[in-house]
Amino acid sequence: MADNVIEVEKLAARFGSRTVFQDVTFEVRRGEVFVILGGSGCGKSTLLKLLIGLIPPAEGEARVLGNPLNRLHGRPRQQALARIGVMWQQGALLGSLNLMQNVAVPLEQHTKLPREAREAVARARLGLVGLGDAATRLPAEISGGMLKRAGIARAMALDPEILFLDEPSAGLDPITSAGLDDLITTLARETGTTFVVVTHELQSILAIGDRCIMLDKDAKGMIAEGNPRELRDNATHPKVRAFFRREVLEQKA
Ligand SMILES: Nc1ncnc2c1ncn2[C@@H]1O[C@H](COP(=O)(O)OP(=O)(O)OP(=O)(O)O)[C@@H](O)[C@H]1O
Ligand SMILES: [Mg+2]
């Protein structure tokens with residue numbers, strides 16, 4: 001049997017009376033790079049928040065490492081959260097702390113490591129993302145691509161089993177973005193970490209994704225699930241085909 005780290009069953013998200021999506025069912029297997037894709041406003045970030053337990057589902061259930069995180073409280077919740085890392089879409093580093101200190105923040109919150117040990121771990125994480133030489137720089141002193149990599153290093157501070165990244169390559173030039181894709185693929189392979197990545201960059205999806213789901217605002221749910229390259233070659237749903245083949249859909253009047 002596959003080793004699933006995330007299991008989502010008939011999940012629905014609602015704000016007030018407005019349904020963002022419903023009937024979302026999928027699983028994420030240990031060690032894979034799983035991509036959540038779809039146009040702006042279809043609910044990708046909302047799905048991440050549901051997975052992490054920041055908002056409760058309107059229907060259904062999402063289990064991460066065996067637990068519905070929204071139903072855990074207190075110490076069990078802290079312990080479960082320490083096993084996952086998150087880089088939010090707007091996830092900014094703290095401007096007054098250098099990169100090493102930023103990466104050390106989760107270690108300070110979740111471990112009893114002394115300062116020297118925290119800093120050594122933080123430096124090692126920065127090394128993993130290619131920022132070993134920038135440990136003492138402030139966030140304002142590095143480029144956008146470096147900021148993203150530092151954000152990943154911070155999300156990896158506690159050596160998580162699952163790393164959630166919301167639009168890691170948004171706003172980056174294509175070359176920097178491709179570099180970030182390489183980093184994600186390498187980290188997945190070398191650390192065994194499972195990645196759940198939100199993106200709508202087709203090149204990234206094809207480069208990094210083992211499997212993906214596609215959400216759609218009009219369908220209010222999933223319109224595709226599978227290997228991105230197979231979806232590109234075989235999908236029959238018009239919107240899925242359009243996305244993967246960069247076709248222009250005829251607008252319905
Ligand atoms: N806290 C909230 N209260 C009310 N509506 C919300 C809330 N959060 C998100 N929404 C709405 O839910 C829908 C999905 O939002 P979400 O941020 O998940 O989209 P997204 O797919 O991540 O989009 P993008 O690609 O632009 O980041 C949007 O219509 C948004 O306005
Ligand atoms: Mg979003």
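Modeller: Start with helix H3. The cover over its buried residues includes helix H4 (115-128) and helix H5 (144-155). This is a predicted model, so read every value as computed from it. H3 spans residues 99-110. Its buried residues are Leu-99, Met-100, Asn-102, Val-103, Ala-104, Pro-106 and Leu-107. The spacing has a simple background. An α-helix has 3.6 residues a turn, so residues three or four places apart point the same way.

Now the core itself. The largest nonpolar core holds 67 residues. Four of them touch the most other members: Leu-126, Phe-164, Val-197 and Met-214. This core lies between domain 1 (1-83 + 179-191 + 200-253) and domain 2 (86-159), because both give residues to it.

Take Phe-164, one of those four. Set aside its neighbours within four places in sequence. Phe-164 then contacts Leu-48, Ile-52, Ile-84, Val-86 and Val-196. Ile-84 and Val-86 belong to strand S5, residues 84-87. They point one way from S5, while Gly-85 and Met-87 point the other way. All of these S5 residues are buried.

S5 pairs with strand S6, residues 162-166. The two run parallel and are joined by four bridges. Within that pairing, Ile-84 has Ile-162 of S6 as its bridge partner. S6 pairs with S7 as well, again in the parallel sense, over five bridges. There, Asp-166 is partnered by Val-198 of S7.

Thr-194, Val-196 and Val-198 face one way. Phe-195 and Val-197 face the other.

Next, how do the domains meet? Their centres, taken over C-alpha atoms, are 26 Å apart. The contact draws seven residues from domain 1 and nine residues from domain 2. On the side of domain 1, H1 and helix H6 (174-191) are the elements that give two or more residues.

The shell consists of Phe-15, Val-20, Gly-38, Ser-40, Gly-41, Cys-42, Gly-43, Lys-44, Ser-45, Thr-46 and Gln-89. It divides into three nonpolar, seven polar and one charged.

Gly-221 sits in S9, residues 221-226. It is buried because 20 C-beta neighbours fall inside 10 Å, and the cut-off for buried is 20 or more. Beyond residues up to four places away in sequence, Gly-221 touches Phe-21, Gln-22, Asp-23, Val-24 and Leu-215. Gly-221 and Thr-19 are 202 residues apart along the chain, yet their C-alpha atoms are separated by 9.5 Å.

Lys-220 lies in the loop between strand S8 (211-216) and S9. It is partly exposed, with 18 other C-beta atoms within 10 Å. Its backbone needs a check. Most residues other than glycine have a negative phi. Phi of Lys-220, however, is positive, near 50°.

Lys-10 shows a positive phi too, about 45°, although it is not a glycine. Lys-10 lies in strand S1, residues 4-15. It counts as exposed because it has 12 C-beta neighbours inside 10 Å, and 12 or fewer is the limit for exposed.

How values were computed. Residues numbered from 1 in each chain as written. Chains lettered and ligands numbered in written order. Predicted model: local features only at pLDDT ≥ 70, side-chain atom pairs only at ≥ 80, totals over all residues. Near = placed C-beta within 6 Å. Nonpolar A, V, L, I, M, F, W, Y, C, P; charged D, E, K, R; others polar. Domains from an automatic or database assignment. Contact = placed C-beta atoms within 7 Å. Core = buried A, V, L, I, M, F, W, Y, C linked by C-beta atoms within 7 Å. Pairing = 2+ DSSP bridges.
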